[in-house]
Every structure is written in C-alpha cells, then in structure tokens.
Amino acid sequence: KVAYKVTVVDNAGNPIAGAMVQMCLEACIPAVTNENGVAEFNLAEADYKVSFISAPEGFAVEEAYYFEAGATEMTITLEPAA
C-alpha cells in the first residue's frame with residue numbers, strides 16, 4: 001500500500017477543510033479534507049484519478065485531476081466560483 005495525500009487550498013494558499021474528494025481506479029474511495037485541507041488514502045500503487053464529490057460553497061472545481069507518474073502527493077487550488 002502507498003500513502004497518497006491530496007491537499008486542497010484556495011488561491012491564497014489557505015487550506016480548505018470539508019471538501020469531499022475521491023480517488024478512482026476501478027472503484028472510487030471517498031475522503032473529506034481535514035482542517036489542514038488534507039485528505040489521505042492508503043491504496044495500492046496505481047494511476048489514480050482524483051475528483052470532487054463536493055466542494056465548500058463558493059468554490060469551482062474541475063472535472064478531474066491526475067497524479068503524475070510516481071507521485072504520491074497532489075495540491076489542488078480551488079478558484080472562487082464565478
């Protein structure tokens with residue numbers, strides 16, 4: 001198993017708590033970001049897709065994010081919703 005870490009921040013670099021993210025391969029595993037904006041997953045090593053189930057009100061999310069080959073950490077910056 002590999003420890004994967006997804007950090008969600010606003011465009012000022014402040015952590016966003018309470019964002020529901022999921023890591024998907026054949027199935028999706030959900031997690032909620034903590035007060036530091038971090039969601040952690042212990043999964044088999046693979047090329048996972050990360051997407052949002054929900055983000056806090058006022059933020060826009062893209063459809064999907066992908067870990068770069070060999071990476072175990074990702075920081076996603078959410079922009080204010082238009």
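The questions below go from the whole chain to single residues.

Student: Before we start, what kind of model is this, and how are residues numbered?
Tutor: Residues are numbered from 1 along each chain as its sequence is written, and side-chain values use heavy atoms, with hydrogens and water left out. Local features need pLDDT of at least 70, side-chain atom pairs count only at pLDDT 80 or more, and totals for chains, interfaces and linings use all residues, since this is a predicted model.

Student: How many helices and strands does the protein chain have?
Tutor: Helices (H or I, at least four residues) and strands (E, at least two) are DSSP runs, numbered from the N terminus. Along the sequence the pattern reads β-β-β-β-β-β-β-β. The count is therefore 0 helices and 8 strands.

Student: What radius of gyration does the protein chain have?
Tutor: The radius of gyration is taken over C-alpha atoms, and the globule rule is 2.2 Å times the number of residues to the power 0.38. The C-alpha trace spans about 35 × 20 × 20 Å along its principal axes. For 82 residues a compact globule would come out near 12 Å, and the protein chain agrees, with 12 Å.

Student: What percentage of the residues in the protein chain is buried?
Tutor: Buried means under 20% relative accessible area, exposed over 50%, and partly exposed in between (1.4 Å probe, protein chains only). Of the 82 residues in the protein chain, the buried ones make up 35%.

Student: Why is strand β1 described as largely enclosed by the rest of the structure?
Tutor: Strand β1 covers residues 2–10. It is largely enclosed because, of its 9 residues, the number buried is 7.

Student: Which strand pairs with β1 in the parallel sense?
Tutor: Two strands pair if DSSP finds at least two bridges between them. β1 and strand β4 (residues 38–43) pair in the antiparallel sense over 6 bridges, with Tyr4 opposite Phe41. Another 6 bridges belong to a parallel pairing of β1, where Asp10 has Leu78 as its bridge partner. That parallel partner, residues 73–80, is β8.

Student: Is Thr7 buried or exposed?
Tutor: Thr7 sits in strand β1. Counting contacts as heavy atoms within 4.5 Å, and leaving out residues up to four places away in sequence, Thr7 touches Asn36, Gly37, Val38, Met74, Thr75 and Ile76. Its relative accessibility is 14%, so Thr7 counts as buried.

Student: In what order do the 4 strands of the open sheet stand?
Tutor: β2 (residues 20–24) is joined to β3 by 5 antiparallel bridges, and these two form a hairpin with 3 residues between them. β5 (residues 49–54) is joined to β7 by 2 antiparallel bridges, with Lys49 opposite Tyr66. Put together, the antiparallel order is β3-β2-β5-β7.

Student: Which strands stand at the edges of that sheet?
Tutor: Each edge strand has a single partner strand, so one side of each is left without a neighbour in the sheet. The edge strands are β3 (28–32) and β7 (65–66).

Student: Which residue is the bridge partner of Met20?
Tutor: Met20 pairs with a residue in β3. The bridge partner of Met20 is Val32.
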